[in-house]
Amino acid sequence: MIECSTDNVNIKEIIAAENVFPMFQPIVSIKQKMTIGMEALCRGFFPDRNNVIQPYALFGMAEEQDVLLELDRLCRRKALEEFQHLYQQNPHFLLFLNLSISLIDKGFVGSNHLQKMVQSFHINTSNIVIEILESNVKNIDDLKKFVRIYKDFGFLIAIDDIGSGSSNLSRIHLLEPDILKIDMSIIRNIDKEFYKQEVFKSIVNLAKKI
């Protein structure tokens with residue numbers, strides 16, 4: 001498949017036809033020297049065109065056409081459907097899910113929908129990591145409430161893009177995440193750049209202490 005233009009694309013038709021599919025990136029433990037999970041990223045597609053819509057464009061259109069929640073839930077379900085087979089083979093595997101966390105500012109703080117969906121696939125909630133790009137949320141009180149609710153359900157919480165220009169390190173103590181995901185801007189060329197190495201070490205030391 002090739003990436004296509006999103007001009008005149010009706011995202012509602014894509015959602016209605018469920019024309020999305022997840023692709024998985026491995027999450028590798030350097031310490032354990034093994035793959036410990038997968039991160040799911042969904043794409044849209046047109047069956048008759050052999051074209052694919054990348055995640056940033058897909059979710060951007062959904063937000064413009066006010067169907068972000070519908071797309072978000074569809075992508076979660078598709079990811080869980082595919083992950084279920086891996087989970088049955090390895091019950092210790094983790095699935096990292098990117099939620100459209102900006103929905104919190106629209107009042108969607110915790111409806112139990114994700115918990116029920118995970119349970120319907122007979123997957124333990126402790127195997128699901130909810131990735132939060134906290135810079136996309138303005139209402140910090142509702143964000144804290146969201147994290148508390150889903151932690152109580154047994155989900156793991158990861159803060160994404162730690163160390164990027166938009167990520168606020170001060171929010172780590174507010175959200176008390178289980179996992180810190182360091183931004184690729186720090187990782188890229190880290191073998192050649194001393195300052196990136198020191199920033200990386202600082203974040204790793206922070207993670208160990210908290």
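Aspartate 66 comes after helix α2, and its phi is positive, near 60°. Helices here are DSSP runs of H or I with at least four residues, strands are runs of E with at least two, and both are numbered from the N terminus. This is a predicted model, where local features need pLDDT of at least 70, side-chain atom pairs count only at pLDDT 80 or more, and totals for chains, interfaces and linings use all residues. Residues are numbered from 1 along each chain as its sequence is written, and side-chain values use heavy atoms, with hydrogens and water left out.

Staying with α2, its buried residues are Pro55, Ala57, Leu58, Phe59, Met61 and Ala62. Buried means under 20% relative accessible area, exposed over 50%, and partly exposed in between, with a 1.4 Å probe and protein chains only. The cover over these buried residues includes α1 (11–16), β2, β3, β4 (51–53) and α3.

Phe59 is also one of the residues in contact with serine 100; Leu68 and Asp72 are the others, leaving aside neighbours within four places in sequence. Contact means heavy atoms within 4.5 Å. Where does serine 100 lie? It sits in the loop between β5 (94–98) and α4 (113–120). Serine 100 counts as buried because its relative accessibility is 14%. Its side chain makes a polar contact with the side chain of aspartate 72, at 3.1 Å. A polar contact is a pair of N or O atoms within 3.5 Å; within protein, one must be able to donate a hydrogen and the other to accept it, and residues adjacent in sequence count only if both atoms are side-chain atoms.

Now the pockets. On a 1 Å grid over the protein atoms alone, a pocket is an open set of points where a 1.4 Å probe fits, with protein on both sides within 12 Å along at least five of seven lines; lining residues have an atom within 4 Å of a point. The largest pocket has a volume of about 1100 Å³, the volume being the space filled by probe spheres set on the points, which are joined across faces, edges and corners. Its lining has 33 residues, and Glu39, Leu41, Asn98, Glu131 and Asp160 lie nearest the centre. Elements that each supply at least two lining residues include α2 (55–64), α3 (68–89) and β5.

The second largest pocket has a volume of about 750 Å³. Of its 21 lining residues, Ile27, Val28, Ile36, Ile179 and Leu180 are closest to the centre. α8 gives the most to this lining, with five residues.
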